[in-house]
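Good morning, and thank you for joining.

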Amino acid sequence: MPDAWLRPPKLRTAGSVDDDRHATWLELFFDLVFVAAIAELAHGLRDQLTWMGVLEFVALFVPVWWAWVGSTFYATRFDTDDAEYRLLTAVEMFGVIALAVNVHGGLAETSRGFALAYVLVRSVLIFKYVRAQRHIPEARALTVRIRTGYTIAAGVWLVSAFVPPPYRFLLWGLGIAIDFGTPITAGRLHVEIPVDPTHIPERFGLFTIIVLGETIVSVVTGISTQEWTVTSGLIAVFSTAIAFSLWWIYFDNHDEAAIRAAREGKRIRAYWEWIYVHLPLVIGIAAAGVGVFRVFTGDLAAPLPMAERWLLAGSLAVCLSSLGFLHRTTVSCAGRRPTGGVQSLYRFGTAGVVLAIGVAGGRIPPLGFVALLAFVCVAQIGLDLRVREPPTAAAVSD
């Protein structure tokens, strides 16, 4: 095998910043596996729209998302795209497929399989960090810290596979808490060995696009269950407007300010907020897609049932609140005031209006309910345009 195909990990973010770095073809292929996992999560919520179903959807979404985050942050620092890295990523992809297969009944009969699949995904990532620890002395303090924390968490998940419920799920919570806390405990090491300031925002944006795509799939699948009428057609239009509004609000304010601030040793807390707030955002988007599907599969002439009403309004409120927090981290790190603070308040206010529609919409037919939500989301774009901020210096330089 040529040496070019077998290279040790190297620190990609050392020295000058590579502002032209983008997602690799392997990363995009890796993301497609998560499309299947998210689709299976959505199907599970479609089939069981109860409080227990929502709990299961959220509980299983968290480790799926964290599996993606772990691989993404390793890649931004140490990916060399050699044969060994590709093969290890292929094993990770198989683990994600196993996660997707075990989503149905993930808190019941397939919970052991789900736990073992998660252990497989994390074990590959741990092995990658062992390689980086061996070959990159200047990053050893960080790789040892992360490898140790992730190994402890994976061990907890492994033990959970052999413990009966409900103790199994208590161990899952402990394992996820250790997983989430491990990068944070590394503290200033993230400044000394930073992530790429353009690669990470692009990767998170691509994942958000994936979940938004599932919402469009829900529109297509839902309308296929109905005859094409004026009512079903308009619901499809308004549902698409909601998804498009979320895309607009997110990507119109999506930049690398929080990542660059962390590289410079400033506002580390805002950096972590920017990362972790993406979790409720993508959960909300995925749940909204399920809500749209449930609207189509119900009686379009009768008032929207309470479960569907609260799923759609509640998930949109979560999305808008998350966008508000994301925007606050972005503007605080970029030093843009005061309009940035006003825009984030608009998002929080819009989330409140959406919840009010959910409360008062018990007698509104599906078309009117979805139209109201779409109007509120589109109005958020109009509010943004009124207080449009000047582009950041980084955006101008690009």
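What you see is a predicted model, in which local features need pLDDT of at least 70, side-chain atom pairs count only at pLDDT 80 or more, and totals for chains, interfaces and linings use all residues. Residues are numbered from 1 along each chain as its sequence is written, and side-chain values use heavy atoms, with hydrogens and water left out.

I begin with the cysteines. A disulfide here is a pair of cysteine sulfur atoms within 2.5 Å, and the structure holds zero of them. C319 is in no disulfide, the nearest cysteine sulfur being that of C377, 8.5 Å away. That separation is too far for a bond. C377 is buried, at 0% relative accessibility, and C319 is buried with a relative accessible area of 0%.

Next, the interior. A nonpolar core is a set of buried Ala, Val, Leu, Ile, Met, Phe, Trp, Tyr and Cys residues joined through side-chain atoms within 4.5 Å. The largest one has 114 residues, and F61, W65 and F204 have the most contacts inside it. Helix α2, residues 51-78, supplies the largest share, 14 residues. Helices are DSSP runs of H or I, at least four residues, numbered from the N terminus.

Which residues does F204 touch, not counting those up to four places away in sequence? Taking contact as heavy atoms within 4.5 Å, they are W65, W68, V69, F73, Y250, W274, I275 and H278.

Helix α9 (230-251) and helix α12 (278-297) pack at about 175°, with axes 11 Å apart. Angles over 145 degrees count as roughly antiparallel, and α9 and α12 are therefore roughly antiparallel to each other. The residues of this contact divide into nine nonpolar, three polar and no charged.

Finally, the backbone. Most residues other than glycine have a negative phi, and most peptide bonds are trans. D81, in the loop between α2 and α3, has a positive phi of about 55° although it is not a glycine. D81 is partly exposed, at 26% relative accessibility. The peptide bond from P165 to P166 is cis, with omega near 0°, and P166 is placed in the loop between α5 and α6.

How values were computed:
Axes are lines fitted to C-alpha atoms, for helices over the stretch in contact, and angles run from 0 to 180 degrees between N-to-C directions. Helices (H or I, at least four residues) and strands (E, at least two) are DSSP runs, numbered from the N terminus. Angles under 35 degrees count as roughly parallel, over 145 as roughly antiparallel, 65 to 115 as roughly perpendicular and the rest as oblique. Ala, Val, Leu, Ile, Met, Phe, Trp, Tyr, Cys and Pro count as nonpolar, Asp, Glu, Lys and Arg as charged, and the others, Gly among them, as polar. Buried means under 20% relative accessible area, exposed over 50%, partly exposed in between (1.4 Å probe, protein chains only).
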